[in-house]
Amino acid sequence: MVNTQASRKGLILSVNAGSSSLKISLYRLKSQTAPPDVSSELEPVELLLVSSISNISAPPASFTFSLAAHGSGREAKKEPVNSIHDHTSAFAHFLDYLKKEASIDRSEIAHVCHRVVHGGDYFHPEVITKESYKHIERLSDLAPLHNGAALSVMKACIDALPNSQSIAYFDTSFHRPIPHHIASYAIDQTIAKKRGLKKYGFHGLSYAYILRAVSTHLKRGPNTLNLIVMHLGSGASVCAIKEGKSMDTSMGLTPLTGLPGATRSGGVDPSLIFHYTNLAGRMSHDRSAAVDIHVTRAEEILNKQSGWKAITGTTDFGEVVKNMKTNQEKVDAGTASEDEAKWKLAYDLFVDRIYDFVGGYYLKLGGRVNAIVFSGGIGERSVELRQTIVAQMACLSFKLDGEKNASVDKEDGAVVDIGVSDDGHQVLVCRTDEQMEMARECSLEKKFWSDES
Ligand SMILES: Nc1ncnc2c1ncn2[C@@H]1O[C@H](COP(=O)(O)OP(=O)(O)O)[C@@H](O)[C@H]1O
Ligand SMILES: CC(=O)OP(=O)(O)O
Ligand SMILES: [Mg+2]
């Protein structure tokens, strides 16, 4: 049931619970009288403020909050916060700040959009009811770093923002068009069907935003585009987009497989875990999540105690790159200790797995690739990683403009060109925005804005 008062004010709060972060943006509808008539705009909503809490899994968390003044953005306030230890306390900290720092009446927030990583067989946004909440809760075991976090924020929203309607937007929706044989595993198909064991794919809200942003940037309809998009953050994945639709992606049944992440192993031989520990099948006693999640020791180790954190001790890939450069000479000379060499191991291993997917997807797309796109915290910020990947892709005739690559941070806009080859292959960076993707979808959905709904 939409609160009519709030609906008329047209504020949308978008909440993105990532594995290591909570990103929150507040928007106002640009056209309050006729919200659904702005479908052609990339951003039919106006950003009012943005807040981000990072390092939730490696405290102290870092909190930023900035009011967007006519789009230009005011200097962000950034501070470490010791009281933040999970997504619930991160959201509570944000609400406190909102009260103190912004002259916004919470009761004007009509809708809260929640990024939910695993939607199972939900393909469309779902208003949160007892039933949909339970459905998402049941899927928590398949996205142990994510769905529980999103649910805990939903609970907090229902308490703190009783006038607002909570709506779940799913990462998995974008990947619905993946062909059956690509989404299937080579296992007993009766069991696969019964238990829903297939590739779902994730980072879908990000890929949807990127597709639209690149389409606007290149002035070409999304359905004419073939892209290889890398979303590289604490969770990292690659997606092959064929004629505007997801054709394949590197994550699978859960967000664990594919590329390694900050604390995730990525794809390993499934037998590995039984050699790693003989307690693999036992239930984990980890109770750090605010919502009960049932995972085995195997899942806990591969999701939370692996990745570059396990190799180097840090979840920050920026640190990995910095330390790798510091130790480069010794590594090249063969005189580096294991401790000095570990940074390069983490970097090279990540890069190697990216090659696997980018190379495979280039082949699947028959070489007809309009652009490769870097996004996510690492893809958007690591000059070195982009340089390494595109250098290897020279054999596929991709070319990087070194100066443009080094000055991405100085460029405005969602998409930045960093190279184009003679035969038209583009290299792009896209500042992805999952919160905007949800707010946009929400603003365009007539039923969320009619007084009768
Ligand atoms: N300058 C940088 N170079 C490389 N990696 C960076 C840099 N700055 C941030 N990162 C990485 O970006 C990651 C966060 O990415 P993001 O997509 O925002 O995370 P999440 O997966 O939680 O949504 C951090 O884990 C950090 O490793
Ligand atoms: C699906 C996933 O891994 O998301 P994130 O990168 O936000 O943790
Ligand atoms: Mg993320």
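Reader: What makes strand 3 and strand 4 a hairpin?

Author: In this predicted model, the two strands are joined by six residues, and strand 3 (residues 45-54) runs antiparallel to strand 4 (residues 61-67). Pairing requires at least two bridges, and six are found here, so the two strands count as paired. One residue in the turn, N55, has a positive phi of about 60°.

Reader: Which residue of strand 4 stands opposite L49?

Author: L49 faces L67 in strand 4.

Reader: How do you know that strand 4 and strand 5 pair?

Author: The threshold is again at least two bridges. Strand 4 and strand 5 (residues 77-81) share five, in the antiparallel sense, so they pass it. A61, for example, has V81 in strand 5 as its bridge partner.

Reader: How is the protein chain divided, and how do you know that the domains touch?

Author: There is domain 1 (4-194) and domain 2 (221-430). Their centres, taken over C-alpha atoms, are separated by 23 Å. Contact is judged residue by residue, with C-beta atoms within 7 Å. By that test, 25 residues of domain 1 are in contact with 22 residues of domain 2, so the domains touch.

Reader: What elements make up the domain 1 side?

Author: Helix 2 (87-101) and helix 4 (147-160) each give two or more residues to the side of domain 1 that touches domain 2. Helix 4 gives the most, with three residues. By class, that side has 11 nonpolar, 11 polar and three charged residues.

Reader: Why is ligand 1 said to lie between the domains?

Author: Domain 1 and domain 2 both supply residues to its shell, so ligand 1 lies between them. Of the 18 residues around ligand 1, G18, G233, F317, G318 and G377 come nearest. Helix 11 (317-326) and helix 14 (376-381) each contribute at least two residues to this shell. The largest share, four residues, is from helix 14.

Reader: What classes do the residues around ligand 1 fall into?

Author: Four are nonpolar, 12 polar and two charged. Gly is counted as polar, so G18, G233, G318 and G377, named among the nearest, belong to the polar class.

Reader: Which residues surround ligand 2, and where does ligand 2 lie?

Author: G18, S19, V117, D171, F202, H203, G233, S234, G235 and P255 surround ligand 2. By class, the shell has three nonpolar, six polar and one charged residues. Both domains give residues to the shell, so ligand 2 lies between domain 1 and domain 2.

Conventions. Residues numbered from 1 in each chain as written. Chains lettered and ligands numbered in written order. Predicted model: local features only at pLDDT ≥ 70, side-chain atom pairs only at ≥ 80, totals over all residues. Near = placed C-beta within 6 Å. Domains from an automatic or database assignment. Contact = placed C-beta atoms within 7 Å.
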